[in-house]
Amino acid sequence: ALGWACWKTYVGRPETDQLRCLAMGQLAGGLFAAKKYEDALPVQEADLSLSRRHGEQERSILVVQGNLAGTYYALGRMQDALRLRRDVYFGNLRVVGEEDRETLSAGINYATSLKGLQRFEEAKSLLRKQIPVARRKLGESHDLMLSMRSIYAKVLYQDPAATHDDLREAVTTLEEVGPI
């Protein structure tokens with residue numbers, strides 16, 4: 001309701017108006033939070049198009065792309081989600097570096113998409129690079145670190161080519177992480 005109220009308030013303003021753009025983002029976020037993914041999708045696509053057309057900063061565009069990728073994922077459009085999540089991860093890596101929380105979070109989303117498409121080797125490789133960075137930057141008990149390790153364990157045990165060592169590592173990791 002709040003998203004629609006924001007949008008109705010500012011829709012008559014020029015498309016470059018900052019409040020109008022923020023209202024569009026609020027509407028998209030509200031629709032996503034309400035699990036109205038089909039309704040959120042065109043709003044997010046329009047938001048991304050506007051952001052690109054009006055020269056928003058790259059970090060802002062990466063946020064919008066990440067939100068759109070989440071909607072694609074929720075709608076089962078896994079290839080579209082993977083493509084955008086890869087772009088968001090490498091974009092954040094380039095713009096803010098590997099230790100930034102946005103980059104670490106984008107890496108989790110990218111690895112989740114890789115896992116969902118059963119691209120286990122790529123997901124393992126990504127997470128094996130990210131986990132030491134997250135451990136150093138955030139510490140062992142941070143939520144992002146715990147999520148990353150949990151996803152890593154799932155990648156290990158869901159891989160049909162998993163070895164006994166992989167399965168042992170997955171069990172050990174899940175025991176260390178605890179319930180998430």
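Which side chains meet in a salt bridge at 3.0 Å, N to O? I looked this up first, and the pair is Glu99 and Arg136.

**Ground rules.** I am working on a predicted model, where local features need pLDDT of at least 70, side-chain atom pairs count only at pLDDT 80 or more, and totals for chains, interfaces and linings use all residues. My numbering runs from 1 along each chain as its sequence is written, and side-chain values use heavy atoms, with hydrogens and water left out.

**Overview.** I found 9 helices and 0 strands in the chain. Helices here are DSSP runs of H or I with at least four residues, strands are E runs of at least two, and both are numbered from the N terminus. Along the sequence I read the pattern α-α-α-α-α-α-α-α-α.

I then turned to burial, where buried means under 20% relative accessible area, exposed over 50%, and partly exposed in between (1.4 Å probe, protein chains only). Of the 180 residues, 39% count as buried. The accessible surface of the chain, by the Shrake-Rupley method with a 1.4 Å probe, comes to about 9,800 Å², and 51% of that belongs to carbon and sulfur atoms.

For contacts I used heavy atoms within 4.5 Å. Among contacts between residues at least 6 apart in sequence, 50% join residues at least 24 apart.

**Salt bridges.** Side chains of opposite charge can pair when their charged atoms come close. My rule asks for a side-chain nitrogen of Lys or Arg within 4 Å of a carboxyl oxygen of Asp or Glu. By this rule I count 13 salt bridges.

I went back to Glu99 and Arg136, whose side chains meet in a salt bridge. This pair links distant parts of the chain, with Glu99 in the loop between H5 and H6 and Arg136 in helix H7, 37 residues apart. Glu99 is partly exposed at 33% relative accessible area, whereas Arg136 is exposed at 52%.

Arg136 also forms a salt bridge with Glu98, at 3.6 Å from N to O. Arg136 lies in helix H7 (residues 120-138) and Glu98 in the loop between H5 and H6, so this pair ties together parts that are 38 residues apart in sequence. Glu98 counts as partly exposed at 44% relative accessibility.

I next checked Asp100, which forms a salt bridge with Arg59, the closest N and O atoms being 3.9 Å apart. Asp100 sits in the loop between helix H5 (78-96) and helix H6 (101-116) and Arg59 in helix H4 (residues 58-74), so the pair ties together parts 41 residues apart in sequence. Asp100 is partly exposed at 23%, and Arg59 is partly exposed at 40%.

**Helix packing.** I took axes as lines fitted to C-alpha atoms, for helices over the stretch in contact, with angles running from 0 to 180 degrees between N-to-C directions. The axes of helix H2 (residues 18-33) and helix H3 (residues 37-53) come within 8 Å and cross at roughly 155°. H2 and H3 are therefore roughly antiparallel to each other, a label for angles over 145 degrees. Residues of H2 including Met24 and Leu27 meet residues of H3 including Val43 and Leu50.

Where else did I look? The axes of H6 and H7 come within 9 Å and cross at roughly 155°. H6 and H7 are therefore roughly antiparallel to each other. Residues of H6 including Leu104 and Ile108 meet residues of H7 including Leu126 and Val133.

Key
Angles under 35 degrees count as roughly parallel, over 145 as roughly antiparallel, 65 to 115 as roughly perpendicular and the rest as oblique.
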